[in-house]
Amino acid sequence: MELLEKAGEHVISKGAEIVILGCTEIGLVLRKNSLSRPSIDPMDVIAETMIEKGQE
């Protein structure tokens with residue numbers, strides 16, 4: 001977990017305003033408040049989209 005947090009903070013230090021947790025397993029380790037900037041977990045996006053599509 002510490003290595004992932006360091007990597008996230010590294011890209012933030014380079015100017016990233018948001019971090020996309022590009023591998024689906026990263027969201028299992030890092031939480032939304034693990035980094036100093038917001039992050040997006042692609043699995044959350046997929047789940048929300050599936051729910052929305054299912055309600056159409």
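# Briefing: a five-residue core in a predicted model

The largest nonpolar core consists of five residues: Ile12, Val19, Leu21, Leu30 and Leu35. The model is predicted. The protein has 56 residues, and 18% of them count as buried. Its secondary structure comes to three helices and two strands.

**Overall form**

- Along the sequence, the elements of the protein follow the pattern α-β-α-β-α.
- The radius of gyration of the protein is 13 Å, whereas a compact globule of 56 residues would have one near 10 Å.
- The C-alpha trace spans about 40 × 20 × 15 Å along the principal axes of the protein.
- Take the contacts between residues at least 6 apart in sequence: 32% of them join residues at least 24 apart.

**Surface and charge**

- The protein carries 6 positive and 10 negative side chains.
- The centres of the positive and negative sets lie 6 Å apart.

**The core and its contacts**

- In soluble globular proteins, nonpolar side chains tend to be buried together.
- Here the largest such core includes Ile12 and Leu30.
- Ile12 is in contact with Val19, Leu35, Ser36 and Arg37, leaving aside neighbours within four places in sequence.
- Two of these partners, Val19 and Leu35, are listed with Ile12 in the core.
- Leu30 lies in the loop between H2 and E2.
- Leu30 counts as buried because its relative accessible area is 5%, under the 20% cut-off.
- Beyond neighbours within four places in sequence, Leu30 is in contact with Met1, Leu4, Glu5 and Leu21.
- Of these partners, Leu21 is also listed in the core.
- Leu30 and Gly8 are 22 residues apart in sequence, and their C-alpha atoms are 9.7 Å apart in space.

**A buried serine in a strand**

- Ser39 belongs to strand E2, which covers residues 39–40.
- Ser39 has a relative accessible area of 11%, so this residue is buried.
- Leaving aside neighbours within four places in sequence, Ser39 is in contact with Ile18, Val19, Leu21, Arg31 and Lys32.
- Among these partners, Val19 and Leu21 are core residues.

**Residues with more open positions**

- Lys6 sits in helix H1, residues 2–13.
- Lys6 counts as exposed because its relative accessibility is 54%, and the cut-off is over 50%.
- Lys6 and Thr49 are 43 residues apart in sequence; from C-alpha to C-alpha they are 30 Å apart in space.
- Glu25 is placed in the loop between strand E1 (19–20) and helix H2 (26–29).
- Glu25 has 46% relative accessibility, so this residue counts as partly exposed.
- Glu25 and Pro42 are 17 residues apart in sequence and 9.8 Å apart in space, C-alpha to C-alpha.

Definitions and conventions: Residues numbered from 1 in each chain as written. Predicted model: local features only at pLDDT ≥ 70, side-chain atom pairs only at ≥ 80, totals over all residues. Heavy atoms only, no water. Helix = DSSP H or I, 4+ residues; strand = E, 2+ residues; numbered from the N terminus. Rg over C-alpha atoms; globule rule 2.2 N^0.38 Å. Buried < 20%, exposed > 50% of the residue type's maximum accessible area, 1.4 Å probe, protein only. Contact = heavy atoms within 4.5 Å. Lys, Arg positive; Asp, Glu negative; His and termini not counted. Charge placed at Lys NZ, Arg CZ, Asp CG, Glu CD. Core = buried A, V, L, I, M, F, W, Y, C linked by side-chain atoms within 4.5 Å.
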